[in-house]
Amino acid sequence: MRVRRSLGVVLAASLILGLVACADPSPTASSAAIPADGPVVSFYGDSYTRGTGASSSEKRWSTIVSAERGWQEINRSENGLGFVNRRDSMLGGLDDIPALVIADDPDIVFVTMGLNDTFSYDTRADDIRATIDSDLTRLREGLPDARIVVVEPFWYTDDRPASVDVIAGWVEDAAARIGADHISGASRWLEGHDATAQVSWMAGDGLHPNDIGYAVMAERMDAALRALDPPL
């Protein structure tokens, strides 16, 4: 791994386009918590990696995992973002986050996308599959020396439309094609603790994890990363 100067945290992940209006305000990143050196890690995801619903950016799973490992986190995740969802409506260059990730020149890339595309599956299935392949291929070609970790799309209710598993399968297949690490099972990390559960791990909006939910996600991500070959 290369050692870099501190880059500063850019805010984190997203969720459903239809959920953006009712999402909690984005957490504020604190540069004081960023290590001065260490591997640069860029996160490409939705609100569940952005940390929407957390009380602060330090409570989101990506920052917990990064802090434990001494990583310099660049979190380029956005609320409502999917492989196709919200892509055309993003402003300020955010319509092409893979290009921003490539420009970061990171040592490690996390891709945690697909949740929001579930809501477009009935009308845009072919586009979703094609963009999964395109995004991951671009990341591999643009970052030939980076380690890419592709995570099964997160999910937020115990009810699971069939499209969740279909999209998860496309993501896994694309990860294999580019030689990326793949983490399975993430869509079930909050299972049994959705907004309807007696013991819920969801924030007040009922759509995003609260601090407990993100802590659980960090714990499970940590275990999954340690299980990779080689471990992270």
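**Reading the terms of a predicted model**

Trainee: Why does Ala162 count as exposed?

Mentor: The relative accessibility of Ala162 is 60%. Exposed means over 50% relative accessible area, buried means under 20%, and partly exposed lies in between, with a 1.4 Å probe and protein chains only. The value of 60% lies over the 50% limit, so Ala162 counts as exposed. Please note that this is a predicted model, in which local features need pLDDT of at least 70 and side-chain atom pairs count only at pLDDT 80 or more, while totals for chains, interfaces and linings use all residues. Residues are numbered from 1 along each chain as its sequence is written, and side-chain values use heavy atoms, with hydrogens and water left out.

Trainee: Where is Ala162 found, and how far apart are the C-alpha atoms of Ala162 and Thr118?

Mentor: Ala162 belongs to helix H5 (residues 162–177). Its C-alpha atom is separated by 9.0 Å from that of Thr118, 44 residues apart along the chain.

Trainee: What share of the residues in the protein is buried, and what share of the contacts joins residues at least 24 apart?

Mentor: Buried residues account for 56% of the 232 residues. A contact requires heavy atoms within 4.5 Å; among contacts between residues at least 6 apart in sequence, 82% join residues at least 24 apart.

Trainee: How do you know that Asp135 is buried?

Mentor: Asp135 has a relative accessible area of 1%. That value is under the limit for buried, so the label applies. Asp135 is found in helix H4, and it touches Tyr44, Phe83, Arg87 and Pro98, not counting residues up to four places away in sequence.

Trainee: Why are H3 and H4 called roughly parallel?

Mentor: The axes of helix H3 (residues 97–104) and helix H4 (residues 121–142) come within 10 Å and cross at roughly 20°. Axes are lines fitted to C-alpha atoms, for helices over the stretch in contact, and angles run from 0 to 180 degrees between N-to-C directions. Angles under 35 degrees count as roughly parallel, over 145 as roughly antiparallel, 65 to 115 as roughly perpendicular, and the rest as oblique. H3 and H4 are therefore roughly parallel to each other. The contact is made by Pro98, Ala99, Val101 and Ile102 of H3 and Asp135, Arg138, Leu139 and Gly142 of H4.

Trainee: How do the residues of the contact of H3 with H4 divide?

Mentor: They divide into five nonpolar, one polar and two charged. Ala, Val, Leu, Ile, Met, Phe, Trp, Tyr, Cys and Pro count as nonpolar, Asp, Glu, Lys and Arg as charged, and the others, Gly among them, as polar.

Trainee: Which residues of H2 are buried, and against what do they pack?

Mentor: Trp61, Ser62, Thr63, Val65, Ser66 and Arg69 are buried in H2. The buried residues of H2 pack against strand S1 (40–45), helix H1 (47–50), S2, S3 and H6. H2 is followed by Gly70, whose phi is positive, near 70°.

Trainee: What makes Arg86 and Asp105 partly exposed?

Mentor: Arg86 has 25% relative accessibility and Asp105 has 38%. Arg86 has a positive phi near 70° without being a glycine, and lies in the loop between strand S2 (72–75) and H3. Asp105 also is not a glycine and has a positive phi of about 50°; its place is the loop between H3 and strand S3 (108–112).

Trainee: Which residues does the cis peptide bond join?

Mentor: It joins Asp229 and Pro230, with omega about 0°. Pro230 lies in the segment after H6.

Technical notes: Helices (H or I, at least four residues) and strands (E, at least two) are DSSP runs, numbered from the N terminus.
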